[in-house]
Amino acid sequence: MNNIVWTIAGSDSSAGAGIQADLCTFHDLGADGCSVITAVTAQNSQAVQLVESVSEKMFIQQLTSLAEDMPAKVIKIGLLASVEHVKILAQQLALYKQTWSRKPFVIYDPVSVASTGDEMAEESINEVIKTQLLPQIDLLTPNANEVLTLSGHALISGESFKPAVDKLISMGCGSVLIKGGHFELVDDIALDYWSNGKREIALTSPRLDNVHTHGTGCTLASAIATTMALDYFIEDALVIAKAYLNQGLKASKALGAGEGSVAHCG
Ligand code: PLP
């Protein structure tokens with residue numbers, strides 16, 4: 001049986017994040033990966049020099065080509081840089097959920113700012129993400145800044161993440177994994193919190209110092225996508241994905257003068 005997972009994301013010329021990291025992760029963990037490229041980025045370890053969304057025609061055709069012949073069990077979404085792409089994708093996801101014999105599980109890892117601090121998406125994109133895309137998402141994987149942008153909730157050290165998650169669920173997504181790895185909540189601990197409104201799980205692991213973190217969001221979301229495609233329960237998928245990411249972080253290294261990327265085992 002096939003375990004097709006699509007990544008709908010941007011190409012990263014430095015290969016540590018985006019489509020390149022997603023496909024490596026699918027391969028490592030055993031999914032059959034396909035890709036829909038939303039944007040091509042020119043970047044190195046120091047900065048993002050240029051982001052160019054593909055044409056709407058090319059975006060739609062990639063989705064159609066795959067949907068007609070290779071429908072996905074799980075769809076993982078990363079960088080969406082154009083408002084039009086978000087609208088098209090929200091419509092297509094609604095159609096897949098209504099018409100495919102097996103409803104795809106859809107994971108969205110929001111990307112608006114690169115790890116180098118560079119803006120990646122059109123300014124007005126968040127409004128259409130909130131109103132049109134979130135209702136199609138089964139698992140949203142924001143970091144603290146993205147939680148603030150999408151829900152208006154600022155996460156506070158030592159306080160529960162539940163109100164922010166409940167707000168995001170009320171906006172339409174099925175479940176939320178808040179990634180605490182980027183966020184100095186508790187010293188020395190990387191804390192991730194997941195809930196679907198009924199069940200919840202908090203995952204802690206040591207915060208790894210002096211590691212290169214480019215590609216962590218993409219890798220974690222792609223590892224969850226793969227484990228979901230392999231039919232793990234979501235709580236188990238989260239644990240396996242976090243373990244895979246931590247191994248990648250331990251082996252991460254710099255290839256240029258700037259920060260390096262999570263390693264994939266290949
Ligand atoms: N997707 C693309 C194409 C990127 O260039 C980046 C970051 O530069 C990301 C996603 C997000 O990367 P991360 O996994 O570090 O959040």
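# A guided tour of the predicted model

Helices (H or I, at least four residues) and strands (E, at least two) are DSSP runs, numbered from the N terminus. Residues are numbered from 1 along each chain as its sequence is written. This is a predicted model, in which local features need pLDDT of at least 70, side-chain atom pairs count only at pLDDT 80 or more, and totals for chains, interfaces and linings use all residues.

**The ligand shell.** Select G10, A17, G18, A114 and G217, which come nearest of the 17 residues around the ligand. A residue is near a molecule or strand if its C-beta atom, placed from the backbone, lies within 6 Å of it. By class, the shell has six nonpolar, ten polar and one charged residues. Here Ala, Val, Leu, Ile, Met, Phe, Trp, Tyr, Cys and Pro count as nonpolar, Asp, Glu, Lys and Arg as charged, and the others, Gly among them, as polar.

**The nonpolar core.** Next, select V74, I107, I224 and A225, the residues with the most contacts inside the largest nonpolar core, which has 73 residues. Such a core is a set of buried Ala, Val, Leu, Ile, Met, Phe, Trp, Tyr and Cys residues joined through C-beta atoms within 7 Å. The largest share of this core, eight residues, comes from α7. Leaving aside neighbours within four places in sequence, V74 is in contact with V5, P104, F105, I107, A225, M228 and A229; two residues are in contact if their C-beta atoms, placed from the backbone, lie within 7 Å.

**P104.** Move to P104, in the loop between α3 and β5 (105-108). With 21 C-beta neighbours inside 10 Å, P104 counts as buried. A residue is buried if 20 or more other C-beta atoms lie within 10 Å of its own, exposed if 12 or fewer, and partly exposed in between, with C-beta atoms placed from the backbone. Not counting residues up to four places away in sequence, P104 touches A72, K73, V74, I75 and Y96.

**Helices α3 and α4.** Now display α3 (residues 83-99) and α4 (residues 125-133), whose axes come within 9 Å and cross at roughly 5°. Axes are lines fitted to C-alpha atoms, for helices over the stretch in contact, and angles run from 0 to 180 degrees between N-to-C directions. The two helices α3 and α4 are therefore roughly parallel to each other, a description used for angles under 35 degrees. V83, V86, K87, L89 and A90 in α3 meet I125, V128, I129, Q132 and L133 in α4. The residues of this contact divide into eight nonpolar, one polar and one charged.

**Y244.** Select Y244 in helix α8 (residues 234-250). Y244 is buried, with 23 other C-beta atoms within 10 Å. Apart from neighbours within four places in sequence, Y244 is in contact with L29 and A223. The C-alpha atoms of Y244 and T25 are separated by 9.0 Å, although the two residues are 219 apart along the chain.

**Two positive phi values.** Most residues other than glycine have a negative phi. A15, in the loop between β1 and α1 (18-29), has a positive phi near 70°. With 17 C-beta neighbours inside 10 Å, A15 counts as partly exposed. Finish at D231, in the loop between α7 and α8, which has a positive phi of about 70° although it is not a glycine. D231 counts as exposed, with 10 C-beta neighbours inside 10 Å.

Terms used: Parallel < 35°, antiparallel > 145°, perpendicular 65-115°, else oblique.
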